[in-house]
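Dear colleague,

Please find below the structure that I am handing over to you, together with its sequence. My notes on what was found follow it.

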Amino acid sequence: MGMRRFLGGCFAALGVAVFAFGAQAADAEVTDIRAGVHGLATRIVVDLDRPVTARVFTLTGPARLVVDLPEVGWRLPPEPLPAGIGVLSRLRYGLFKPGNSRVVVDLNQPARIHAAVALPAAGDYPNRLVIDLARSSGTDFLAQTSAGPMLIEAVEGKITRAEPEAQPEPVRSTPKPAVAKPIKAAAPAKPAVAEAPTVRQAGGNVKLASLRIPVKPDRAAGPKVRTVVIDPGHGGIDPGAIGLSGIYEKHITLAAAREIKARLEATGHYRVMLTRDRDIFIALRDRMEFARENKADLFVSLHADTIRDKGVRGLSVYTLSEKASDREAAELAERENKVDILAGVDLSNASAEVSDILIDLAQRETMNQSSKFANSLVDELTRSVKVLRNPHRFAGFVVLKSPDVPSVLIEMGFLSNPDDEKALRSPQHRRKFADAIAGAVGGYFRAVESASRP
């Protein structure tokens with residue numbers, strides 16, 4: 001099946017609404033995405049069940065074409081997505097943020113938007129967005145990118161062509177609106193905290209207001225309800241790894257996260273939150289910050305990898321190390337850390353100086369706690385599922401870099417291995433996996449509470 005979503009039966013078994021993740025909010029559905037070479041142009045066609053207004057633009061580093069749509073549903077046929085056609089290297093699609101779906105076309109060389117038009121439904125043809133790309137020089141590509149988006153305002157029954165998007169006049173003395181976070185959830189009452197320290201460095205002092213230093217709680221308040229954040233890897237326009245059968249990692253991780261959430265909540269001891277509960281793109285640092293903002297006591301990120309050797313199978317658990325434990329771990333971390341750029345925004349180096357200071361001050365104890373939890377996970381999971389040799393590994397994943405939330409990343413298996421892929425698609429396997437996670441979480445917190453007793 002390649003780069004298209006797998007047969008509906010497999011996704012139905014996952015319990016994930018793959019094709020209609022935006023069904024309640026979406027007024028339109030994309031029914032196909034096609035590509036072909038027409039003369040000197042590479043033509044991309046997006047079929048829809050009704051007209052929509054679209055924004056088209058190009059991005060550099062790497063060269064990409066982006067088609068922004070309102071939030072739509074996806075009802076594409078179960079066959080491979082276009083790849084290796086003309087200037088099109090590959091494409092992907094998904095929900096970029098609430099209200100905004102996106103198609104991203106990776107280009108194998110610079111190309112300019114030669115034409116972009118919305119065609120109304122006629123006869124057997126549905127509503128279509130048609131974009132022709134022509135090879136161009138790097139200079140022309142940069143000039144087009146700098147010019148900004150073009151708007152195709154679809155009108156029922158009329159052919160409309162893309163026009164440069166009007167730029168709003170600058171408004172002076174008007175404060176910049178706050179940028180909405182991709183996920184928001186009600187936070188519990190804030191625990192008492194000590195005054196954050198000030199670090200002296202060249203050029204002035206830095207107030208580390210974001211470093212939480214919990215004060216020992218009043219034990220008379222009763223048992224603490226622990227907050228656990230589960231992070232289903234990838235999502236939206238970032239599908240992650242592709243399984244042998246064509247299944248996407250982003251759907252595997254979401255199905256597993258929902259199972260773990262249900263299992264933990266059933267104990268009554270945990271407040272469990274997901275960084276995403278639908279097929280939407282979320283930047284890596286936003287996942288980490290979501291856990292911090294919600295005062296998480298544990299953060300668990302879920303993934304499923306692929307590898308050239310299809311005979312390799314088994315689960316592994318990663319904790320933070322700025323120097324990966326081996327070359328394979330380093331390559332895996334590099335792949336995962338690059339996914340932010342898929343959406344056109346690279347956040348991997350944001351606030352580097354402050355991040356370094358926070359890690360220097362607080363990371364050691366957090367890393368120790370992360371390792372203790374990882375060891376507990378390995379003990380529990382080894383009894384239930386296949387694990388790799390030396391399953392506790394180390395890498396520099398962005399999502400593990402929270403300075404004050406113990407964090408692990410679980411590679412649940414290899415989608416390139418037929419046995420692992422079959423297991424990861426199985427509800428019975430996911431239940432065993434979730435039970436093992438719940439056992440490890442309980443053991444970890446019991447150890448924490450025992451160590452804190454006077």
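**Strands, a helix and aromatic rings**

In this predicted model, strand β8 (residues 111–119) and strand β9 (residues 127–135) run antiparallel and are joined by eight bridges.

Helix α3 covers residues 249–265. Do its length and its residue count agree, or disagree? At 1.5 Å a residue, its 17 residues should span 24 Å, and the end C-alpha atoms are 24 Å apart, so the two agree. The buried residues of α3 include Lys 250, His 251, Ile 252, Ile 260 and Leu 264. Lys 250 also lies over the face of Tyr 93, at 5.7 Å from the ring centre.

The structure holds six aromatic pairs. In one of them, Tyr 318 and Phe 397 have ring centres 5.3 Å apart and ring planes at 85°; because planes over 60 degrees apart count as edge-to-face, this pair is edge-to-face. The pair links distant parts of the chain, 79 residues apart: Tyr 318 belongs to strand β18 (residues 315–320), whereas Phe 397 is in the loop between β19 (387–395) and β20 (407–414). Both Tyr 318 and Phe 397 are buried. Elsewhere, ring pairs link Tyr 270, Phe 373, Tyr 444 and Phe 445 into a cluster.

Yours sincerely

Conventions: Residues numbered from 1 in each chain as written. Predicted model: local features only at pLDDT ≥ 70, side-chain atom pairs only at ≥ 80, totals over all residues. Heavy atoms only, no water. Pairing = 2+ DSSP bridges. Helix = DSSP H or I, 4+ residues; strand = E, 2+ residues; numbered from the N terminus. Expected span 1.5 Å × (residues − 1). Buried < 20%, exposed > 50% of the residue type's maximum accessible area, 1.4 Å probe, protein only. Phe/Tyr/Trp six-rings, centres within 6.5 Å; stacked < 30°, edge-to-face > 60°. Lys NZ or Arg CZ within 6 Å of the ring centre and 35° of its normal.
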